[in-house]
Amino acid sequence: FSASIVYAFGVGVQIISLVIGVVAYCKPRIKTHSVFALAFVFQVVAGISMVVALVLFPVSFESDFLRQFCGERADYYYRGLCSLDWSLFVAMVATACSLYLPALAIFSMNVSDGLRAHICC
């Protein structure tokens, strides 16, 4: 259960970063280094929290709540009667993509400097 909360926090921070990016795109005056740096920090925090959630996920099989559904033999790395199906793999791919986003924020910051130099001068 705690892994779900930590992962949801990471997704929420990613959504906040997305909103900041859309606002910065729609308002060209605020397209500065601080917006890209803020997006970078938010995306790094989101990526770290998503990785922590994926590491915490096996710990949830030790809880009494999950043992009600998965059976008494459920343990850290033994799922018992439960199956993971595709949800864990989608979470892994989403986490990998979110770890790539801070690099895009830095790249966007550098590209915007180059574009600004060509457009303004």
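Helix H1 covers residues 2-26, 25 residues in total. From first C-alpha to last, H1 reaches 36 Å, close to the 36 Å expected at 1.5 Å a residue. That expected span is 1.5 Å times one less than the number of residues. Helices here are DSSP runs (H or I, at least four residues), numbered from the N terminus.

This is a predicted model: local features need pLDDT of at least 70, side-chain atom pairs count only at pLDDT 80 or more, and totals for chains, interfaces and linings use all residues. Residues are numbered from 1 along each chain as its sequence is written, and side-chain values use heavy atoms, with hydrogens and water left out.

The buried residues of H1 include Tyr 7 and Gly 10. Buried means under 20% relative accessible area (1.4 Å probe, protein chains only). Also buried in H1 are Ala 3, Val 13, Gln 14, Ser 17 and Ala 24.

| Residue | Helix | Relative accessible area |
|---|---|---|
| Thr 95 | H4 (residues 87-120) | 4% |
| Ser 49 | H2 (residues 33-56) | 8% |

Take Thr 95. Its side chain makes a polar contact with the side chain of Tyr 7, at 3.4 Å. A polar contact is a pair of N or O atoms within 3.5 Å; within protein, one must be able to donate a hydrogen and the other to accept it, and residues adjacent in sequence count only if both atoms are side-chain atoms. Beyond four places in sequence, Thr 95 is in contact (heavy atoms within 4.5 Å) with Tyr 7, Gly 47, Met 50, Val 51 and Leu 54.

Now Ser 49. Its side chain reaches the backbone nitrogen of Gly 10 at 3.4 Å. Leaving aside neighbours within four places in sequence, Ser 49 is in contact with Val 6, Phe 9 and Gly 10.

How values were computed:
Helices (H or I, at least four residues) and strands (E, at least two) are DSSP runs, numbered from the N terminus. Buried means under 20% relative accessible area, exposed over 50%, partly exposed in between (1.4 Å probe, protein chains only).
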